[in-house]
There are 2 protein chains.
Amino acid sequence: MWVLVRLKGFQELASVDHALRRFFDVVEIRRPEAVSVRLGRALYRVLAERIVAREDLPRVDRSAMDGYAVKAEVTFGASQFKPKILTLVGNRVVGDECAKQVWTGNPVPEGASAVVMLENTKRVDDRIEVWAPVAPGENVSKSGEDVRKGEVAVEAGIRLRPHHLGLLAALGMSNVRVFGKPKVAVLSTGNEIAEVGSERQEGQVFDVNRHVVSGLCEELGASVVDLGVARDERREVVEKLKRGLRADAVITSGGTSVGGSDLMPEIISEAGSPGVVVHGVAMRPGMPTALGIVGGKPVLVFPGNPVAVMFAFEVFARPLICRMLGLSREEVRPSLMAKVTRRVTAALGRRTFVRVRVFRSAGEFFAEPVSARGSSLISTMTRSNGYVVVPEDREGLEEGEAVLVLLFDGVGEA
Amino acid sequence: MWVLVRLKGFQELASVDHALRRFFDVVEIRRPEAVSVRLGRALYRVLAERIVAREDLPRVDRSAMDGYAVKAEVTFGASQFKPKILTLVGNRVVGDECAKQVWTGNPVPEGASAVVMLENTKRVDDRIEVWAPVAPGENVSKSGEDVRKGEVAVEAGIRLRPHHLGLLAALGMSNVRVFGKPKVAVLSTGNEIAEVGSERQEGQVFDVNRHVVSGLCEELGASVVDLGVARDERREVVEKLKRGLRADAVITSGGTSVGGSDLMPEIISEAGSPGVVVHGVAMRPGMPTALGIVGGKPVLVFPGNPVAVMFAFEVFARPLICRMLGLSREEVRPSLMAKVTRRVTAALGRRTFVRVRVFRSAGEFFAEPVSARGSSLISTMTRSNGYVVVPEDREGLEEGEAVLVLLFDGVGEA
């Protein structure tokens with residue numbers, strides 16, 4: 001469960017699975033209250049109520065074609081050489097030897113049991129010739145065929161996509177209850193960090209992580225509370241953390257092992273019980289990650305390196321936010337199987353996240369590892385479109401090996 | 001190129017490829033003007049400018065580790081049994097036999113060429129013992145290693161995702177130019193259509209298509225102009241179309257072959273030249289699709305059936321909107337290879353879109369066709385998470401066949 005490593009400050013690293021278990025055992029997920037929104041504002045929101053059909057969909061039998069509604073039996077034996085002649089009626093009941101014109105979607109009139117397609121008929125004055133027989137029910141959408149009254153149409157905890165909106169509209173839902181958006185406060189720490197747009201001091205770099213983390217939060221559907229950049233000073237960090245704890249969760253980056261002093265984890269453990277429950281995870285990149293809970297609110301403390309931040313987010317923030325969103329199932333990135341184009345080594349005992357560029361060539365998917373020495377090179381992420389997880393018991397990936405790739409951007413042709 | 005079919009109103013169907021060529025040959029893509037937005041508002045927008053690095057990233061050599069910056073040569077031969085003793089210096093230049101403490105991300109001081117990891121050292125007063133040698137450049141992020149000055153960091157026409165925002169921030173871009181959002185006006189037509197939330201008349205159904213099309217537009221990043229529902233009356237449709245043409249494109253559904261009168265295509269051809277350029281496409285579902293151009297603006301006329309609308313959108317609206325967004329490459333849905341779980345038939349001569357439910361089982365992906373008689377059953381889309389395209393020269397899919405599935409929702413385990 002614990003991996004011993006020779007590194008100051010991290011005598012013990014929790015395995016990823018252990019860290020997840022330990023954190024989610026302790027953290028209490030508080031979902032923001034559900035709100036009612038108009039259907040037109042519900043895209044991508046998470047449904048907070050189970051939608052049960054209050055009536056059959058369609059409500060009544062409807063024509064699935066442009067044509068003529070008839071009693072099926074009267075068409076039996078009809079052919080182009082021996083058409084059946086039927087009288088057109090305008091009233092609603094279709095008797096024997098009668099037909100009523102219907103367009104796609106029209107209710108099938110009383111008395112009729114099938115629809116003859118327009119192309120299999122010929123109109124002559126107020127009569128039609130029917131050239132082909134239809135079976136009972138043919139070209140008819142039966143009531144309840146789409147969704148039956150009382151059936152669960154959409155489950156709670158689903159993220160609403162365009163087709164869900166369509167079904168909800170069909171069922172007459174002009175408003176739906178969705179979960180409120182969880183608020184995630186995002187903070188970058190470090191004396192070497194300057195906010196983009198500001199004047200950098202000597203040795204400072206522009207803040208990357210807050211932009212990446214905020215984007216990842218928004219992508220999932222959380223609201224971001226921007227805490228800005230804090231210097232490595234206890235007072236400043238404490239004050240920002242306090243503000244952040246008014247949100248539903250806090251994500252910080254930097255300061256996990258800065259100056260050997262572990263400023264952030266210390267502050268979090270002092271801020272409230274249980275404080276830090278995980279510090280140091282057997283993953284690469286992302287090892288100096290710390291996970292804590294203060295006043296019942298999750299506080300994720302990510303390292304300073306941007307690539308480490310992205311994977312720490314992937315592993316810890318994504319499942320957390322998915323639960324806070326009210327999703328019934330963790331939302332995983334689109335994935336596919338691809339062949340690794342070259343050998344990659346990984347550290348035994350660590351879960352390794354290998355950035356790859358997936359492309360399609362001759363109908364096959366390939367994953368090309370994007371080489372990177374460290375986890376500070378943000379350009380390695382823009383050159384990648386996915387990643388492969390190498391489990392702890394593997395020393396790497398073999399050339400030609402088929403692996404599951406999780407995608408964070410589009411896949412092109414080679 | 002043209003497929004002859006026996007159906008009133010559609011003597012000739014254009015193949016999908018022909019329809020696409022014909023439409024995109026004539027249509028003139030007008031991209032909304034670029035606007036400057038703060039980085040924090042740029043997520044998912046399409047970059048309108050090529051971003052060239054104005055300086056090396058990192059600007060200077062930086063430490064990739066917590067440790068001590070040294071001249072690499074002085075560590076050669078060091079071991080735990082025979083450590084090198086170096087004097088700690090606070091000033092900026094590191095001379096021979098000297099070391100300066102650095103944290104990850106700190107600039108490497110003048111004179112130093114490598115960083116010894118903290119764990120390979122022991123501090124004794126104002127000196128350190130170095131237990132392992134480092135090669136020149138070891139544990140150092142060289143200036144320009146991430147992005148070199150003058151290099152293209154992000155190309156124009158890219159949709160900005162969290163990792164792009166990170167790189168732009170690193171490069172000091174607090175504002176970026178993105179393309180304006182194209183406006184798409186969305187209209188549903190048909191006497192049988194009632195707006196959800198309103199009172200339905202006998203035989204009316206709630207509008208599904210406007211909600212689906214609006215959702216699909218928004219998903220791509222277009223703005224929706226809601227034209228509501230129009231009855232099958234020339235005056236009403238003409239008036240709504242006129243309003244819609246103030247937007248950048250119009251998408252309607254219904255009225256493509258209603259009452260045999262092809263109301264929408266007629267109105268569009270009357271509204272301006274060239275009017276309708278495609279009417280009837282050899283695809284299933286989606287056959288009665290019409291494509292037109294009025295006053296230089298694209299007008300897409302989709303059928304009334306919701307499932308047909310989704311696939312017509314996929315085939316015609318998606319590439320159109322991608323171009324209007326300024327994307328340099330059409331954005332395709334995530335896709336994967338999966339095994340078809342059972343045989344499916346398709347119509348020779350039509351491009352057939354088969355709804356499937358993809359699931360993963362024992363590390364393999366499977367695609368289970370979602371059976372559906374017609375294209376009116378919106379619930380078939382909520383039961384699916386992807387689709388397979390059966391080309392015109394195939395009569396279906398075989399059981400066990402490996403096919404490419406395009407995904408419109410998440411994939412779960414079996």
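Helix 2 of chain A is followed by Gly172(A), a residue whose phi is positive, near 85 degrees; helices here are DSSP runs of H or I with at least four residues, strands are runs of E with at least two, and both are numbered from the N terminus. This is a predicted model, in which local features need pLDDT of at least 70 and side-chain atom pairs count only at pLDDT 80 or more, while totals for chains, interfaces and linings use all residues. Residues are numbered from 1 along each chain as its sequence is written, and chains are lettered from A in the order in which they are written.

Helix 2 of chain A spans residues 162-170, and because nine of its nine residues are buried, the helix is largely enclosed by the rest of the structure. A residue is buried if 20 or more other C-beta atoms, placed from the backbone, lie within 10 Å of its own.

One of these buried helix residues is Leu168(A), which is also listed, with Leu171(A), Ile321(A) and their chain B counterparts, among the residues with the most contacts inside the largest nonpolar core, a set of 216 residues. Such a core consists of buried Ala, Val, Leu, Ile, Met, Phe, Trp, Tyr and Cys residues joined through C-beta atoms within 7 Å.

Between the chains, the contact takes 73 residues from chain A and 73 residues from chain B, two residues being in contact if their C-beta atoms, placed from the backbone, lie within 7 Å. Helix 2 of chain A gives the most to the side of chain A that touches chain B, with eight residues.

Notes: A residue is buried if 20 or more other C-beta atoms lie within 10 Å of its own, exposed if 12 or fewer, and partly exposed in between; C-beta atoms are placed from the backbone.
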